[in-house]
Amino acid sequence: PHSRVTRRPFPWQIVPFCGHIKGGMRPGKKILVMGIVDLNPESFGISLTCGESEDPPADVAIELKAVFTDRQFIRNSCVAGEWGEEQSSIPYFPFIPDQPFRVEILCEHPRFRIFVDGHQLFDFYHRIETLSAIDTIKINGDLQLTKLG
């Protein structure tokens, strides 16, 4: 089984994590993030970005942010330094402190479709049209990574 995300630095479970998505995103491609939530979490984030640049900041195709105090799972994008409209509606909050989780980000032609532990939670329509430019995954916050693919 080959991983689509190159692992670095070693040990790669350390957050904040930044990895390269080989060939960028395209319809039908799926990114898998498996991890364990910390015991007393405040938040964690998973972002798909167009490169690693910090200054100027790389465009963010989608940022997923789990906020435990509000039990929110927020998504947004940042294009040319401007954050878009935040989306926050969810059927339920899927993460539990000290418990493992599995997040899948499925890229479809018009949107990302997000699954947590196998359940579809929401869609996020593309705000960055050039899917192949989305070539970096960044993960930070109150979690341990166990698997990326």
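User: How many bridges join strand 4 to strand 5, and in which sense do they run?

Analyst: Strands of a sheet pair through backbone hydrogen bonds, in either the parallel or the antiparallel sense. Strands here are DSSP runs (E, at least two residues), numbered from the N terminus, and two of them pair if DSSP finds at least two bridges between them. Strand 4 and strand 5 (residues 72-79) are joined by 6 bridges and run antiparallel, with lysine 65 having isoleucine 74 of strand 5 as its bridge partner. The two strands form a hairpin with 4 residues between them, and arginine 71 in the turn has a positive phi of about 50°.

Before we go on, note that this is a predicted model, in which local features need pLDDT of at least 70 and side-chain atom pairs count only at pLDDT 80 or more, while totals for chains, interfaces and linings use all residues. Residues are numbered from 1 along each chain as its sequence is written, and side-chain values use heavy atoms, with hydrogens and water left out.

User: Which residue of strand 4 stands opposite serine 47?

Analyst: Serine 47 stands opposite glutamate 63, and strand 3 (residues 43-49) pairs with strand 4 in the antiparallel sense over 7 bridges.

User: Why is strand 4 described as largely enclosed?

Analyst: Buried means under 20% relative accessible area, exposed means over 50%, and partly exposed lies in between (1.4 Å probe, protein chains only). In strand 4 (residues 60-67), 6 of the 8 residues are buried, so the strand is largely enclosed by the rest of the structure.

User: In what order do the strands of the open sheet come?

Analyst: The open sheet is formed by 5 strands in the order 9-8-7-2-11, with antiparallel pairing. Its edge strands are strand 9 (119-125) and strand 11 (143-148), each of which pairs on one side only. Within this sheet, strand 2 (residues 30-37) and strand 7 (residues 100-107) pair over 7 bridges in the antiparallel sense, and isoleucine 36 has proline 100 in strand 7 as its bridge partner.

User: How many disulfides does the structure hold, and how far is cysteine 50 from the closest cysteine sulfur?

Analyst: A disulfide is a covalent bond between the sulfur atoms of two cysteines, and the criterion used here is a pair of such atoms within 2.5 Å. The structure holds 0 disulfides. The sulfur of cysteine 50 is 10 Å from the closest cysteine sulfur, in cysteine 78, which is too far for a bond. Cysteine 107 is likewise in no disulfide, the nearest cysteine sulfur, that of cysteine 50, being 11 Å away.

User: Are cysteine 50 and cysteine 107 buried or partly exposed?

Analyst: Cysteine 50 is partly exposed, with a relative accessible area of 23%, whereas cysteine 107, at 0% relative accessibility, counts as buried.
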